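Here's a quick briefing to read with the model open next to you.

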Amino acid sequence: MKKILLINGHEPFKKAQGKLNQNFFKHMEVVLKNFEIEKTVVTEGYCVEKEIEKFKWMDAVIVQTPIYWFSVPGLFKTYIDTVFLEGAFFEKAKKFGHGGLLTGKQYLFSTTWGANEAVFNRKSSFLEGKSVDDVLFPLHKTFQYCGMDALPSFSVFNAMRNQHIQNTLEDLSIHLNHHINQSKEKSTFTKELAQIAKGMLPYH
């Protein structure tokens, strides 16, 4: 795995200006500096043809996005609807869901949640025992419909109140090192990453 596509799916609104997601996005680029990287920031606009070429080029795509109302922001959903086109991402197949054209490629979701971690995986909670990946089921199936394979998701909870930024960045470093870099390093928390952490605020 050498070619990585990073997508920032954040869409700002009054209570979530995107500082946390933006800095996670920067953090990923530093941690994965030994890879070839292409980037897309959905709020900056995009060319559909160029995005299709990025997906054909990449070995893995990492999506950094907040979760609003148990789904991705509207702009990112529009991106998927616009870019994931028949003939480029999938084709008709005799068996539903088996026409993906991006086989051999992987995806990883890095998500921020306003919810506390305690509401997941507990039958007595509002989410009735559902895990993060259960809630993200439609998003997983969208990427899998196109032939991609899932890498383990990374999630940050209570994002609007998260005061442990350095620990959160270290956790993300470990996750990326294990699943993308395939390294056993516990952390790559460099001086550069420390500067990113210093400028971060606990908002989606």
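Does lysine 39 count as buried, partly exposed or exposed? Lysine 39 counts as partly exposed, at 41% relative accessibility; here buried means under 20% relative accessible area, exposed means over 50%, and partly exposed is in between, using a 1.4 Å probe and protein chains only.

Before you dig in, a word on the source: this is a predicted model, where local features need pLDDT of at least 70, side-chain atom pairs count only at pLDDT 80 or more, and totals for chains, interfaces and linings use all residues. Residues are numbered from 1 along each chain as its sequence is written, and side-chain values use heavy atoms, with hydrogens and water left out.

**Overall layout**

- The chain has seven helices and six strands, taken as DSSP runs numbered from the N terminus (H or I and at least four residues for helices, E and at least two for strands).
- Reading from the N terminus, the order of elements is β-α-β-α-β-α-β-α-α-β-β-α-α.
- Of the chain's 204 residues, 48% count as buried.
- Take the contacts (heavy atoms within 4.5 Å) between residues at least 6 apart in sequence: 76% of them join residues at least 24 apart.

**Nonpolar cores**

- A nonpolar core here is a set of buried Ala, Val, Leu, Ile, Met, Phe, Trp, Tyr and Cys residues joined through side-chain atoms within 4.5 Å.
- The largest such core has 33 residues, and Phe55, Val61, Phe89 and Phe143 have the most contacts inside it.
- Two or more residues each come from strand 1 (3–8), helix 2 (48–57), strand 3 (60–66), helix 3 (74–83), strand 4 (106–112), helix 4 (132–135) and helix 5 (137–145).
- Helix 3 gives the largest share of this core, with four residues.
- Another core lies apart from that one; it has 22 residues, including Ile4, Leu20, Phe24 and Leu172.
- What does valine 61 touch, leaving out residues up to four places away in sequence? Its partners are Leu5, Ile7, Phe55, Gln106, Tyr107, Leu108, Phe143 and Met148.

**Aromatic rings**

- There are 14 aromatic pairs, counted when rings of Phe, Tyr and Trp (its six-membered ring) have centres within 6.5 Å; planes under 30 degrees apart are stacked, over 60 edge-to-face, and the rest tilted.
- Phenylalanine 84 and phenylalanine 89 are stacked, at 4.4 Å centre to centre with 15° between the planes.
- Both partners are buried: phenylalanine 84 has a relative accessible area of 8%, and phenylalanine 89 is at 1%.
- Tryptophan 113 and phenylalanine 120 pair edge-to-face, because their ring centres are 5.1 Å apart and their planes sit at 80°.
- Tryptophan 113 is buried at 3% relative accessibility, and phenylalanine 120 is buried at 4%.
- One aromatic cluster is made up of Phe55, Phe84, Phe89, Tyr107, Phe109 and Phe143.

**Salt bridges**

- The structure holds four salt bridges, each with a side-chain nitrogen of Lys or Arg within 4 Å of a carboxyl oxygen of Asp or Glu.
- Back to lysine 39: its side chain meets that of glutamate 29 in a salt bridge, 3.2 Å from N to O.
- Glutamate 29 is in helix 1 (residues 19–31) and lysine 39 in strand 2 (residues 36–41), so this bridge ties together parts that are 10 residues apart in sequence.
- Glutamate 29 is partly exposed, with a relative accessible area of 30%.
- Glutamate 51 bridges to lysine 54, with the closest N and O atoms 3.0 Å apart; both lie in helix 2, three residues apart, about one turn of the helix.
- That pair is buried on both sides, with a relative accessible area of 2% for glutamate 51 and 15% for lysine 54.
- Lysine 77 and aspartate 81 form a salt bridge at 2.8 Å, N to O; they are four residues apart in helix 3, about one helical turn.
- Here lysine 77 is partly exposed at 40%, and aspartate 81 is partly exposed at 47%.

**The second largest pocket**

- The second largest pocket holds about 210 Å³ of space. A pocket is an open set of points on a 1 Å grid over the protein atoms alone, where a 1.4 Å probe fits, with protein on both sides within 12 Å along at least five of seven lines. Grid points are joined across faces, edges and corners, and the volume is the space filled by probe spheres set on them.
- Its lining (residues with an atom within 4 Å of a point) consists of Glu117, Phe120, Asn121, Val132, Asp133, Ser153, Phe154, Ser155 and Phe157.
- Helix 4 and strand 6 (154–156) are the elements that give two or more residues to that lining.
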